[in-house]
Each structure stands twice: as structure tokens, then as C-alpha cells.
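I set out to record what could be looked up in this model, element by element. The entries below follow the order in which I went through it.

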Amino acid sequence: MSVRTVVTTCTRDCPNTCGLLATVEGDRLTRLAGDPAHPFIKGKVCRKAMRYIERVYSPERITRPMLRRGDQWEIVSWDTALDLIAGRMHRIRDESGPEAILYYQGFGERTALKLLNKYFFNLFGGVTTMHGTLCGGTGQASQNLDYGERVSHDPLDHLHSASMVLWARNPVTTNISLAPIARDVARRGGRVLLVDPAPTKSASLASRHIAPRPGGDAFLALAAARLILDAGAEDRAFLEQHAEGLDGYLRLVHRWDVAELCRLAGVPVADAEHLAETLMTQKPTSILLGWGLHRHVQAHLTIRAIDALGAVSGNIGVAGGGVSQGFEEYGPYDQHYWGDSLRPPRRTLLMPRVGEEILAATDPPIRMIYVTAANPVCTAPRSDKVAQAFRQAEFVVYSGHFLDDTAALAHVFLPATTFLEEEDVVASYGHNYVGPITPAIAPVGQCKSEFRMFYELAARFDFADQFRKPEAEWLERICAPIRQQGCSLEQLRQGAFRLDAPMVPFADRTFPTPSGRFRLVGDLAEMEAMADALGAADPARPFRLLTIAPHRFICSERTMAEHEPLPEVQCNAAVAASLGLEDGDAVRLHSAEGQAAARLRTREDLRPDILVAERGGWTRAGHDLNRLIKDVASRVGNGTPYYEATVGLEPLPSSCSGSPQASPCRPPQVLVIQHGLHSLGGNFLKHLEQQGCRLHTVRAFEGEALPHTPQDYAALVVMGGPQHAWDDEAWPHIPPLLRLMREFDALGRPVAGVCLGAQLLARAWGGECFAMEALEFGFVQHAVTEAGQVDPVLGPALPLPRLMEFHQDSFRLPPEATLLVRGEACEAQCFRVGRVSYGFQFHLEVDAATVAHWTRLLREGAVETYRQYREQHDEACFETLAAELPVLADRGERFCREIVARWLAQTQTQTQVQAH
Ligand code: SF4
């Protein structure tokens with residue numbers, strides 16, 4: 001088998017923009033490693049890089065174009081999809097004008113060829129686009145005010161720093177190549193300070209963690225500046241000769257004394273003293289700003305106060321110093337290929353308020369939305385309103401990889417390649433290198449690059465000739481400024497090239513401001529208003545919710561299967577206890593905007609006034625924290641003030657909280673009996689947890705003992721496994737389990753049996769189990785009986801989707817049971833028995849990853865029991881299953897969610913019946 005190594009660059013929404021070496025064995029990508037020749041990356045990449053291979057080959061990845069009709073997805077040809085899109089675009093432009101179409105271009109990937117996406121829409125006539133940002137625009141705008149132009153120190157310049165302040169920057173998670181540089185500072189005896197309300201993973205780099213209250217950082221910066229000024233240790237020459245606004249700034253610094261400033265910042269005075277002392281005694285200090293700082297309405301005041309602290313402490317224009325925020329990732333290209341000059345300026349909508357702005361757009365209304373490299377329904381504030389806006393649009397086109405929140409609302413899904421299947425060029429917002437994107441593998445399935453999609457779409461419009469040029473030609477044009485700096489595209493293919501940018505910006509102490517001087521912040525009235533706002537706590541919602549960058553994922557780049565049942569929210573342990581909450585409890589967060597469920601994690605080292613969660617989870621996977629965030633924009637830079645959300649915390653009321661086993665404070669406990677590693681409970685258990693239940697799992701297949709009575713439990717779930725339901729000798733837990741199933745039902749506590757669990761349930765009620773003549777495997781469409789149509793659990797979940805089968809045993813229905821779903825190869829597919837017991841022969845709980853795993857087991861003959869059935873299934877059957885799997889799994893997941901909710905709700909019904 002041939003083995004190749006391909007030089008390429010990571011394009012994910014990450015400032016590290018790593019140079020990569022992709023190893024390809026045969027035609028399959030097997031390894032992603034850092035390029036040792038990259039001067040910044042030096043051969044190291046994050047764990048997310050290796051896991052990206054799983055993403056490329058994920059069974060959930062959509063690899064064929066699809067149309068949605070109702071809630072059913074249908075695989076179609078590219079021509080069908082593109083004809084439909086072009087037809088709609090023509091019609092909407094003719095009927096309502098081009099601004100009735102919104103092009104939402106996200107920050108998911110920012111490569112050279114992506115400039116042409118907007119060029120395409122400008123050739124079309126100019127459509128409505130977005131302005132503002134969900135990310136770092138506020139910082140850039142603020143630093144533009146202070147410096148005239150935001151220019152950061154080259155990260156390698158920090159190797160000259162005597163000390164470093166990670167001000168809300170979390171390199172261990174979000175910018176890994178900075179971590180060794182921070183360690184180098186520490187190794188040379190310098191201090192590394194972390195300033196962040198949350199103890200992020202980068203606390204491990206720091207000699208001291210200073211934890212201001214969210215939004216209090218400006219006052220910490222002023223306190224440190226005041227201490228430096230009081231000590232007479234300021235850079236007086238810089239302030240007098242190269243800065244403007246000194247009088248106003250000094251008024252600001254002296255508006256409060258140090259103790260008051262520290263109270264406003266929410267830190268002990270000792271913290272401000274340590275920061276000031278570091279800046280005075282360990283020069284030069286590099287101050288690195290993180291993105292959390294941007295997530296406030298008045299974030300510009302904070303960033304400007306920190307910039308000013310850099311000036312006061314003598315760190316501006318100094319090697320090893322600086323206040324660095326980021327780099328312009330579209331900077332090295334010929335910007336004229338955005339095509340903005342082709343048309344008169346068109347309407348733009350504000351990204352932080354995208355839901356509201358789409359809903360409010362009237363002249364003309366937004367009729368069509370086209371989304372690339374973004375998942376706004378998940379990532380923008382007021383996710384509920386964004387979803388409403390997308391539902392209201394008559395036609396939504398989504399280009400991406402997975403059925404995420406935005407894709408789920410689209411009418412057309414266009415499967416996009418990943419950067420490992422594309423040719424392009426990418427610059428960084430975290431350093432000064434531009435890198436090649438070289439296809440390591442052929443496109444998976446029928447995926448196409450965004451460029452190819454627009455290229456083929458353009459053939460359906462009268463501007464085809466202007467757009468339809470090969471990638472290489474476009475790259476030559478767009479990258480002309482890079483070539484002028486001395487690097488041809490051919491040279492770039494060999495590896496990263498350092499752009500012409502200073503190691504130390506403003507070293508000559510001149511600034512591109514009108515006066516040529518650095519501008520010191522001096523907005524006293526605004527700062528006073530911010531101080532007043534910090535003091536106004538709402539007792540019903542005492543926490544600030546910080547949704548920080550996840551460690552395992554890039555924002556919302558994940559699959560359904562990768563989601564925990566609920567997002568985890570960290571809270572100070574003592575505060576949680578005072579609310580009667582324990583670690584692991586399901587909780588409800590509520591803000592003025594809405595509410596969301598989460599799993600509580602307590603920790604001792606957290607400020608009492610914050611809750612910390614990771615951002616990016618999908619709403620449709622039960623992660624809906626952006627539902628809580630107000631959709632407003634920051635005052636400067638049109639950023640998104642996610643961290644303004646004040647929230648309250650309380651126990652999550654469960655669907656079975658009315659059951660006798662659930663106290664008002666303690667969540668109900670569900671007993672889960674597992675029979676094998678391949679069927680642990682999947683979506684069924686996830687949905688139980690989302691409903692507020694705690695699970696007590698018993699691994700019967702490993703000999704764990706069953707409880708003797710149902711006493712402590714609100715419900716019972718019995719999962720599948722390879723055992724025979726009649727094999728009491730090999731599995732002695734079966735007879736007591738049958739008795740337990742009856743006892744739960746007698747008490748009105750719901751019982752669910754899945755696959756083997758259904759066979760055991762049938763046996764518990766007198767049904768007979770037997771081996772079938774053949775294995776039933778794959779997604780099967782069954783029929784609902786008349787009783788099933790009106791069943792209180794099954795009925796509301798209908799229509800019945802195709803459901804996954806993987807069994808060789810079956811059962812005859814017990815005498816008292818009612819058949820709800822009938823199959824052809826195996827008749828008894830779903831039944832109700834007793835008061836509240838349900839058997840599901842099909843695997844309603846599976847996700848795509850589980851099905852892919854089972855398919856592999858069968859295909860490779862890995863399980864002895866099923867080897868004899870391998871020949872029943874040919875390769876074409878496996879190929880078809882793989883193609884349909886993402887959609888079938890998605891539909892099955894929604895069906896399972898409905899069933900679990902209704903099944904669990906029986907506890908309340910039974911409690912009410914008992915009460916009467
Ligand atoms: S996600 Fe970031 S750190 Fe990881 S490989 Fe990509 S650019 Fe590098």
C-alpha cells in the first residue's frame with residue numbers, strides 16, 4: 001500500500017492555523033501531525049487535529065446532496081439541487097429583488113477562495129449580507145481606536161518577554177503554540193499571570209491566577225495603572241511624547257482609589273499590586289488578550305484600559321512587550337475579489353442580532369437564506385429566535401458537513417469537503433504565516449468544495465464566464481499580494497510563508513492615528529456607567545454565565561453522538577450547596593430571555609458569581625445555552641456580548657417529578673439494566689437525562705447484582721445484548737429480572753425493554769421466546785397497528801420512521817399484551833403490556849456511530865454469533881446503509897426523543913391515577 005505525506009494547513013476556526021503533515025495510506029487519511037518545519041507550530045498540534053480524521057470519515061457526515069420535504073430528507077443529484085437553488089434565486093430576484101436573499105458567510109473557515117463566495121453573490125446582483133461578529137470584532141475595533149490600526153506582536157516575539165499576562169487568553173485550549181512560549185517565559189524566571197474569571201486550563205501555565213468578576217477587567221487595569229503611576233514607575237516619555245489624551249486618562253485613573261477599583265474589579269488589592277509589580281519589575285511584559293474580554297457590551301472600555309496599561313507600563317512598541325489581540329486573516333489577499341465594488345452597497349444585517357434582524361426585515365423580507373461555514377442557529381444569541389427566523393424563510397440552503405441545528409432547518413443540504421479534500425490558501429488570525437491547503441484525499445462521497453459548488457451554480461447564471469475559472473487561476477489572482485512579497489503559489493505549496501509584518505509593531509512610536517500618537521482611553525462617563533452597572537445585581541439571577549471555548553471541540557464542530565446528554569455547567573460548590581444542589585444534578589438555568597437545562601458540576605475554585613460552561617453544543621442535542629443570551633451588539637465593533645447574561649439556577653423539574661420517587665429537590669432515579677457493551681442505551685438514556693432523570697446502571701453482563709425491589713426507582717429500562725432471553729443457566733440474573741419487571745409495572749412505574757429487553761419483558765408476562773431462522777439487520781419500515789395509532793406513548797411519536805434491527809431471537813406476544821408495531825420478517829416489533837410496560841424489538845436508541853460499529857462487526861465477521869449471517873448481506877447493502885445512515889439516524893433520534901418523553905410521562909399519569 002502506498003504511503004504519502006501531504007503538506008497542508010488546518011483551516012478550522014482556531015488562531016493556531018497549524019501547518020500539518022497529512023499521512024495518507026492508499027486512499028485513506030490515517031494521520032495528521034504538526035509540520036516540524038513551521039516556525040511557530042514546530043511540529044506540535046492539538047488533539048483535535050487527530051480527532052478530525054474521525055470527523056472526515058464520521059458515519060454522521062452528509063456526503064450526498066439532499067432536499068428536505070417536510071421532515072424527511074431525500075438524497076438527490078447535484079444537478080437537481082443546484083437547479084433548484086438557481087431557480088429559486090432567479091425567481092426571488094425577479095419578484096422581490098436580490099436583497100430578499102441573505103448570504104450568511106460564517107467564520108468557520110476563512111481561506112483565500114472563500115472570498116469568491118461573496119463575489120458570486122455580487123455578480124448575481126448583490127444580496128443582503130451580514131456585518132458585525134460573533135467573535136473578536138470588538139477587540140479589533142477597540143485597538144483600531146488606540147493604535148490607529150490593530151497590529152499584534154508576532155507570537156515569536158514573546159520569546160523576548162520577561163513576563164506575560166494571559167488576559168482571558170487560554171492557549172492550552174485555544175492557541176496551543178503559545179503554551180510553550182509561556183512556559184519558556186516561566187523557565188527563564190519570568191512570571192506568567194492568568195487574568196480570567198474562570199480557572200481555565202491555562203491556569204497550569206500561570207504562577208498566579210487573578211479572577212476578576214466578568215466585565216470587571218477594566219477596573220483591574222485602571223488599578224494596576226494607578227499603582228504604577230503612584231509609584232512614579234510609568235513610561236513618562238511615551239505618555240508625553242507619543243500618546244494623546246493623557247489628561248483625560250489621568251482623570252479616569254484617579255476617579256476611584258485603588259481599593260474602590262479593586263472592589264469594582266472583584267479582586268483583592270493584592271492581585272492588582274501583583275499585576276502592577278510584575279509590570280514594573282519584569283519588563284518587558286507581553287499582554288495577550290483573549291476573546292472572553294470581547295463578550296460584553298462595553299468591551300471596548302476594557303480593551304482600551306488594558307491597552308492604556310500597556311502604554312503606562314512602557315510596553316508599547318517594545319520587543320517582548322505589546323498588547324496583542326489578533327491578526328487579519330484576510331489581510332494578505334487581493335480584497336477586490338470580494339466583489340463589493342460591482343454593485344451599489346446592499347443591505348447588511350447585524351450578526352449578533354441575526355434572528356431579530358431577519359424577522360424584522362421588510363423591505364424586502366428575507367425569503368431565502370444561503371449559509372456557508374456557519375451554524376448560526378446554534379451559535380448566535382437567542383437561538384430560539386434564530387431558529388424561528390430560519391423556519392420563516394421560504395428557502396434555506398446550507399453547505400456543511402453535518403446535520404447541525406442550522407442544517408436541520410435547511411431545505412437543501414450541500415455536502416462540503418473538509419480542508420483535507422481541497423486546494424486553497426489560508427492565513428491566520430493568530431500569527432503571521434500563510435499556508436497551503438493541499439488535497440490529501442479525494443472528496444469523500446459526493447462532497448464538493450464551496451468553490452466548486454459556486455462554480456457549478458454559476459453555470460446557471462448569465463455571469464458564468466466571469467466566475468468559472470479554475471482554482472489555480474483564482475488563487476494566482478487572489479494571492480497576488482503574497483507573490484509580490486516574494487512567495488509564489490508554487491513555493492507556498494512547500495510550506496508556510498511568513499508575511500511581511502513587523503515582529504514588533506509601532507517600534508518607531510508612530511501610530512496611524514490622525515495625530516500620529518497612541519490614543520489613551522478617557523471616557524469617564526462611560527466608565528462610570530459601567531461601574532454602576534456592575535454593582536446592580538439581580539437576586540433572582542445572581543450569576544454571569546460564561547460560555548468558554550471547549551477543549552475537545554472547535555465551537556459547534558461536533559457530531560450528535562459526541563454530545564453529552566446535557567451541557568455541563570460549573571458552579572462554586574458552596575454556592576450550589578446553598579441552593580440545595582449537588583454535583584451531577586440536572587439543573588435549569590433561567591435568564592430574562594429563556595431557560596435551558598444543564599448538568600451541574602461543582603468546583604471549589606470558582607468565583608461564587610459565575611457559572612462556566614463550554615459553548616458550541618447543538619440545540620437539537622439538548623444543549624441550548626444560547627437561548628439564554630440577549631441578542632444585542634457591543635457598543636463598539638458590533639460584537640456579541642454573550643457574557644452579559646445574568647442567570648438563575650434551580651433543580652430541573654423532571655417529567656416524572658410527580659412520581660413518589662422524586663422529591664421536590666432530588667431528581668428521579670431510573671434503573672438501567674445493561675446486557676452488553678454494544679447496546680448500552682444510546683439515545684434512550686441521553687433523552688432520559690435530558691428529562692432530568694438520574695440513571696443507576698447495572699451491568700448485568702458483567703455480573704453486577706440487581707436491586708431486590710423497585711423501591712428506589714421511578715422507572716426501569718432493560719437494554720439489549722447477545723444473550724438468549726431463555727438462557728437462565730448462563731445468565732442467572734434473568735429470573736429475578738423478570739420478577740422485577742412485573743413489580744415495577746405493578747407499582748405503575750414504567751418499564752421499557754429494548755431488543756433483548758423486549759424479549760425479556762414478553763417472557764415476564766408469559767410470552768414465549770425463540771430463535772428466528774435468520775438475522776434481522778438494517779433499517780426496516782414496519783407497520784403501526786390500529787392500537788399503535790392511538791397508544792399514548794407511540795401515537796404522538798408517529799409517523800414511524802425506518803428503524804434499526806439487529807437480532808436473531810424473537811418472541812410470541814404475551815396473552816395480555818397489545819401489539820403496537822408489526823414487522824414482516826419478525827412480527828412482534830413493539831407492544832404494550834400491564835399498566836406501563838413497553839417492549840421495543842427495534843433499536844430505537846441507536847445513533848449513527850453505533851450502527852456504523854454494528855455494521856463493521858457484521859461486515860468483518862467479528863462476532864461469532866453473527867458470522868453465519870454475513871452472507872445474507874452483500875457489499876451494496878452496506879454501501880446503501882452508509883449513504884442513508886446520517887438521515888436515518890437523525891430521524892430515529894427524533895422518534896426516540898418523543899417516545900422517551902411520553903413513556904416517562906406515564907409516571908405522572910400513574911401518580912394522578914393513584915391520587916384519585
Ligand atoms: S484546531 Fe487549531 S491547534 Fe488544532 S490543528 Fe487546527 S489550527 Fe492547530
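**Basis.** I worked on a predicted model, in which local features need pLDDT of at least 70 and side-chain atom pairs count only at pLDDT 80 or more, whereas totals for chains, interfaces and linings use all residues. Residues are numbered from 1 along each chain as its sequence is written, and side-chain values use heavy atoms, with hydrogens and water left out.

**Domains.** I looked up the division of the protein, whose bounds come from an automatic or database domain assignment. It lists domain 1 (3–56), domain 2 (66–135 + 338–487), domain 3 (153–324), domain 4 (541–651) and domain 5 (669–772 + 781–797 + 806–846 + 899–915). I noted that the centres of domain 1 and domain 3, taken over C-alpha atoms, are separated by 33 Å. Their contact (heavy atoms within 4.5 Å) takes 11 residues from domain 1 and 10 residues from domain 3.

**Ligand shell.** Which residues surround the ligand? I found Cys10, Cys14, Asn16, Thr17, Cys18, Val45, Cys46, Ala49, Ile176 and Ile554 around the ligand; a residue is near a molecule if one of its heavy atoms lies within 4 Å of it. By class, the shell has 8 nonpolar, 2 polar and no charged residues. For these classes, Ala, Val, Leu, Ile, Met, Phe, Trp, Tyr, Cys and Pro count as nonpolar, Asp, Glu, Lys and Arg as charged, and the others, Gly among them, as polar.

**Helix α22.** Helices (H or I, at least four residues) and strands (E, at least two) are DSSP runs, numbered from the N terminus. I read α22 as residues 524–535, 12 residues in all, reaching 17 Å from the first C-alpha to the last. That is close to the 16 Å expected at 1.5 Å a residue, the expected span being 1.5 Å times one less than the number of residues. Buried here means under 20% relative accessible area and exposed over 50%, with partly exposed in between (1.4 Å probe, protein chains only). The buried residues of α22 are Glu526, Met527, Met530, Ala531 and Leu534. They lie on the same side of α22 because they cover an arc of only 140 degrees around the axis, the arc being that of the directions from the helix axis to the C-beta atoms. Ala525, Asp532 and Gly535 are exposed on the other side of α22. The cover over the buried residues includes α7 (217–230), α9 (246–253), α10 (258–265), α12 (299–312) and β22 (543–548).

**Helix α19.** In α19 (residues 471–478), I found Glu471, Trp474, Leu475 and Ile478 buried. These residues fall within an arc of 100 degrees seen down the axis, so they line one face of the helix. Among the elements covering them are α3 (115–124), α17 (450–458) and α20 (480–484).

**Helix α4 and Ser142.** The buried residues of α4 are Gly137, Thr138, Gly139, Ser142, Gln143, Asp146 and Tyr147. They pack against β12 (285–289), α12, β13 and β21 (518–519). Leaving out residues up to four places away in sequence, Ser142 touches His300, Ile303, Arg304 and Val636. Gly148 follows α4 and has a positive phi near 90 degrees.

**Gly326.** This residue is in the loop between β13 (323–324) and β14 (348–350). Is Gly326 buried or exposed? I found Gly326 buried, at a relative accessible area of 6%. Its C-alpha atom is separated by 9.8 Å from that of Asn432, 106 residues apart along the chain.

**Backbone geometry.** Most residues other than glycine have a negative phi, and most peptide bonds are trans. Lys42 has a positive phi near 50 degrees and is exposed at 52% relative accessibility. Phe506 has a positive phi of about 60 degrees, but Phe506 is buried at 12%.
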